[in-house]
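Have your viewer ready and try each task before reading on.

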Amino acid sequence: MMDSHLSAGSAPETVERRPVVVEEGALAEWLRSGMCVALGGLATSCHAMVAVRHMIRRGLRDLTVIGSAVGGLDVDLLIGAGCVRKVISPYVGAEALAPIGPFFRAAAERGEIEVWECDEGQYYAGLQAAAQMLPFMPCRGGVGTSYPELNPDLKLFTDPVRRQTLLAVPALEPDVALLHAAHADAYGNVQFVGTGYADRLLWRAATRTLVQVERIVPNEEIRRSPERTALLAHGVMRAPFGAHPFSSPGFYIEDREHIRELVEAGRVFSKIGDRGPFEVYLDRYIHRPETHIDYLETVGLRRLLSLHEY
Amino acid sequence: MPGLSNPCTLPAATASIKELMATFLSRDMLDGEEIFVGTNLPVIRAGALLAHLHHGPNMRVMVAHTRTNLFHTPVMEHFELLTDWRAGRWAEAYFNDNEIVLYQKSRRDSVFFVGALQIDPHGNSNLIGLAGEGARFRMRGPGAIATTTNASHVRRFYLYVNEHSPRVFVERCDFVSTVGWGRGGAGARRALGLPGGGPRYCVTPLAILDFEEQSKRLRLRSVHPGIAVEQVVANTGFPLIVPERVPVTEAPTPEELDILRRRVDPQGLLRR
């Protein structure tokens, strides 16, 4: 007897290619408390803010957040809103706009979150291990430093080939990677303007990947330059200005005024323990707007259109 | 070893301390080297670009994620953020962050820069934070970014601090995020299996420090104009090796200052 996954004659009447477009209302199916969530982008650019605001609005708890290698205030916002149990990111902040994320710093100093201490080399080694389905990846950066002491998951070992002392970095495997990109078609073919930072590695390491895009384009447009397709998403969500207040290469720059408002609210909390301004921020930009469109209306068209690259 | 002679000098007062620091860094970089600026600190960026425009037409300059050559470019405007896509206008190549960090082989030819909250006598440094009593941190610092891994592999690196005080220069770092010369001695890094050449100079607002050849302990190399040797010693939290003769840090030449002010830093960030 022939052994086949599809026995003769069993195909349904109509066989259609299935789009992977995710509506904002369906985000709840992707995200729940206790998950390990990777956030793409870098520093002040391309964070999946529609998904981040969704997680805060829903009051998700106990998340393990793998921020980007230069994690932005997306991570800080989640910490401030009380969604996070553990952070895996070599940095959380916004460079000159906030040298260190105020909620991250306060929570790390008070021991309210667990910080998986690492530098970028160890961070990427862990993602690389997950992507290659290996239990760990060796890494030299960190030998001779305090990292193995601060983070017991990083284990010094003698390599069996050259007898060198190296660090074993365990695989970092996100349940879901949340990314923001320029455009995709309805079938999850994602293309960036710019390099996409390390988003492709997050995709390779994660179990599933959801990508917000500025535009969903016809499949024909993707086929015009297939070499530019950077990753194949499990879900794509239409999210114009979806990285706001951060930048999206090819579309808009960061909204410094908005970022300052957020940072200032964080500073008031970290300096004098007053959550008032941050609660006002959360209420205005996250809890009141029920959808991404409501959020964009709150920010205002005038502001959004002022964030041009020229 | 890298280093250029200094043919003629302006009166030191005409250059700011930051311009002086950038010029020192510039003169220590050779044509053909890869200068890995990483995050966009103004003095380091200016030092790298000055070297490139002054004597490094074949340098590979990596600012943020770009790889570029700007030798024929009239002015490089400062861009503040690492991810500013508009920096692409000066780029010849643009790399993914993970490729830059994971693939260290090309770092063997790189010159790199490391900032610090604390530096110990052997140039080991700390960006992680300051230890608390009963808690891990009194102050959680920004973290190492990629300095741990890059400094393990690069040809040489420079320690750079904006403050020269006993709280920065400490006998022992609370945490070590970047290895300098470990527990000391010229073989310290080899013993740890770190292939890179280690820290060469430490550049501060008061002075330039180098490492004594045998012990690899920090030594005063030069003091900036108007700074007394005693002032540097008093602001260092451990015994600094002080040679008999301590020169004044060489000022920029008119040509260097002209490149800095006209092409590298027209906004005057180094004069603020």
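**Exercise 1: the fold of chain A**

In chain A, residues 24 or more positions apart account for 71% of the contacts with a separation of 6 or more, where two residues are in contact if their C-beta atoms, placed from the backbone, lie within 7 Å. Before going on, note that this is a predicted model, in which local features need pLDDT of at least 70, side-chain atom pairs count only at pLDDT 80 or more, and totals for chains, interfaces and linings use all residues. Residues are numbered from 1 along each chain as its sequence is written, while chains are lettered from A and ligands numbered from 1 in the order in which they are written.

Solution. Next, look at the extent: the C-alpha trace spans about 70 × 60 × 35 Å along its principal axes. Finally, 50% of the 310 residues of chain A count as buried (20 or more other C-beta atoms within 10 Å of a residue's own; exposed means 12 or fewer, partly exposed in between; C-beta atoms are placed from the backbone).

**Exercise 2: two helices in chain B**

Task: Describe how the axes of H1 (residues 17-27) and H2 (residues 42-55) of chain B cross.

Solution. Helices are DSSP runs (H or I, at least four residues) and strands likewise (E, at least two), numbered from the N terminus. The two axes, lines fitted to C-alpha atoms over the stretch in contact, come within 8 Å and cross at roughly 50°. H1(B) and H2(B) are therefore oblique to each other; angles under 35 degrees count as roughly parallel, over 145 as roughly antiparallel, 65 to 115 as roughly perpendicular and the rest as oblique. Among the residues making the contact are B:Met21 and B:Leu25 of H1(B), and B:Ile44 and B:Leu50 of H2(B).

Conventions
Axes fitted to C-alpha atoms, helices over the stretch in contact; angles between N-to-C directions.
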